[in-house]
Amino acid sequence: MLRLPDFNYIKPKSLKEAARLLADLGPEAMAVAGGTDVYPKMKRGQFTPRHLVSLRGLAEMKGIRAQAKEGMWIGAGETLTRVSQNSAVQRRFPALAHAAGSVSTPQLRNAGTIGGNVFVDTRCNYYDQTFFWREAAGFCMKKDGDICLVAPKSRSCLALFSSDTAPVLLSLSARALLVGPDGPRAVPFDEIYRDDGMHFVTKRPEELLKAILIPRASFGLGNVYLKLRRRGSFDFPILGVAAALSADREGTCLSAKLVLTAVASAPKVVDEASRLLVGKKISRELIEAAAEAAARVSHPVDNADLDYWYRKRMTGVYVKRALAGLAGIELEAERAGKKPNQV
Amino acid sequence: MRKSRKDSKAKSEQNGLKKRLLRLKVNGELKEVATETSKTLLEVLREDLGLTGTKHGCEVGECGTCTVLIDKQPVLSCLVLGVESEGTEIVTVEGLMKDGRPHPLQRAFADSGATQCGYCIPGIILTAKSLLDENPRPSRDEIREALSGNLCRCTGYVKILDAVEQVVRGEVA
């Protein structure tokens, strides 16, 4: 049986108090909200906190509001179910509703929060195992060991960034409202992540996500999220493509942002795609070029489900589908009735 | 009572485990239990309250077997602490009988042989109950979607979906 090791369970009354507790207790403390990432990892010995600071029931992290000036405010403590079923989210940001609704299973989404998904731990076949398994196979650098078992010469950990919602938030230029012991600050999601499987967030460990802010300027964007995984449920993404576009009446692209997930240790913004698309009339050829640009910067390694070369090849396919869907352009294969098998 | 609680506290301190008194509302009844803070709701239900109808599968959120209802929503009892379940309404499969009669879902599953080994069935029935309470006439796809977090390694799911549909159509005796 996998039991939780013993720990102190602390229930602060506010986020600020929680941040202060995390600062005082140091690396032996961890924050927990829905618990769907923390508890399995504690059972497998991947997380070994002595103190858990609970964010459950903090009203200041709850609520989803569309505001006239500031845009949309989504409390980090809202469950993935509530985000995916919120009518304002569904209307404005179907990509976010779909991403939140595609995480794991209905049961897990009833407990797991969007704040937890945004900072969900990076994943790897050699890391997401029980202590017993890892001890037998040899520990990796992310926990208890000192080399990377995927690429023994790698100096840094290659664990995969596996959030479904984060790439969508980047594509919508959202900001993170962080609360530290000294007060709040808002940071663009573009600056929150780092391509390092062990240290994949740039915020200070005691800083807590209070809310997600999607700017008013993103309200008119067409947006979509496509997820690749083996099963239609349970699975983490082994590739995710988030795209947000706007175009004028003639179909000329005004803005475009394309973000990949599960191809590196951080979400990957495909800058080249924006350069290719903005200012031009979106065509099949242009979409083809953007898909090639995305595939060039997609570098899956052999540490997740399905073959890494397949995941790289699917990057182009998924980007094409995402952009064509948003621009209302039919793709060759789809037009000929040869829709490739959905995985 | 007080003395035994003190005794168990002394014992738990000896073991280095922190116990606390939990007040849980399970199947409409208020239960008090002194147990380790680190126990999941699944462990409290099975080991401290003797409610072994809730089954114990992967323990890490990858199978749905341990599903219970918390405030009418299906959640994984292996990933929520007993402490975190205080102040909520918990329903387990033991709470589905009404006036000595099994719930229509239980009767439909039994009648149509939608169980084989039966291990995943308490979680599936509770998940289906939560769906039907919210949406009494779901389509087959909606049932499929609602049950997409419950693995069954025997049935192939067809009879499970059939059984839920029987209840939707009111065909349960």
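Guide: In this predicted model, helix H3 of chain B passes H4(B) in a right-handed crossing. The residues that make this contact are, on the H3(B) side, Leu105(B), Gln106(B) and Phe109(B), and on the H4(B) side, Ile121(B), Ile125(B), Ala128(B) and Lys129(B). Sorted by class, the contact of H3(B) with H4(B) has five nonpolar residues, one polar residue and one charged residue.

Two packed helices are described by the angle between their axes and the distance between the axes. Here, H3(B) covers residues 104-111 and H4(B) covers residues 121-134. The angle at which they pack is about 130°, and their axes are 10 Å apart. H3(B) and H4(B) are therefore oblique to each other.

The assignment for chain B gives domain 1 as 2-94 and domain 2 as 104-168. Where these two domains meet, 15 residues of domain 1 of chain B and twelve residues of domain 2 of chain B take part in the contact. On the domain 1 side of that contact, strand S3 (67-70) and strand S4 of chain B each supply at least two residues. S3(B) gives the most to this side, with three residues. By class, the side of domain 1 of chain B that touches domain 2 of chain B divides into seven nonpolar, six polar and two charged residues.

Next, chain B as a whole. Its secondary structure consists of six helices and five strands, and along the sequence these follow the pattern α-β-β-α-β-β-β-α-α-α-α. Along the principal axes, the C-alpha atoms of chain B fill a box of roughly 55 × 35 × 25 Å. Chain B has 173 residues, of which 47% count as buried. Among the contacts in chain B with a separation of 6 or more, 56% join residues 24 or more positions apart.

Chain B also meets chain A. In this interface, 23 residues of chain B are in contact with 21 residues of chain A. Strand S4 of chain B, residues 73-76, provides the largest share of the chain B side, four residues.

Chain A has a domain contact of its own. Its assignment gives domain 1 as 60-119 + 160-218 and domain 2 as 222-335. The centres of these two domains of chain A, taken over C-alpha atoms, are separated by 21 Å. Their contact takes 27 residues from domain 1 of chain A and 24 residues from domain 2 of chain A. On the domain 1 side, the elements that give two or more residues are helix H5 (94-101) and helix H9 (165-171) of chain A. H9(A) gives the most to that side, with five residues. The classes on the side of domain 1 of chain A that touches domain 2 of chain A are 13 nonpolar, nine polar and five charged residues.

Key
Residues are numbered from 1 along each chain as its sequence is written. Chains are lettered from A and ligands numbered from 1 in the order in which they are written. This is a predicted model: local features need pLDDT of at least 70, side-chain atom pairs count only at pLDDT 80 or more; totals for chains, interfaces and linings use all residues. A residue is buried if 20 or more other C-beta atoms lie within 10 Å of its own, exposed if 12 or fewer, and partly exposed in between; C-beta atoms are placed from the backbone. Two residues are in contact if their C-beta atoms, placed from the backbone, lie within 7 Å. Domain bounds come from an automatic or database domain assignment. Ala, Val, Leu, Ile, Met, Phe, Trp, Tyr, Cys and Pro count as nonpolar, Asp, Glu, Lys and Arg as charged, and the others, Gly among them, as polar. Axes are lines fitted to C-alpha atoms, for helices over the stretch in contact, and angles run from 0 to 180 degrees between N-to-C directions. Angles under 35 degrees count as roughly parallel, over 145 as roughly antiparallel, 65 to 115 as roughly perpendicular and the rest as oblique. A crossing is left-handed if the near helix is turned anticlockwise from the far one by less than a right angle, and right-handed if clockwise.
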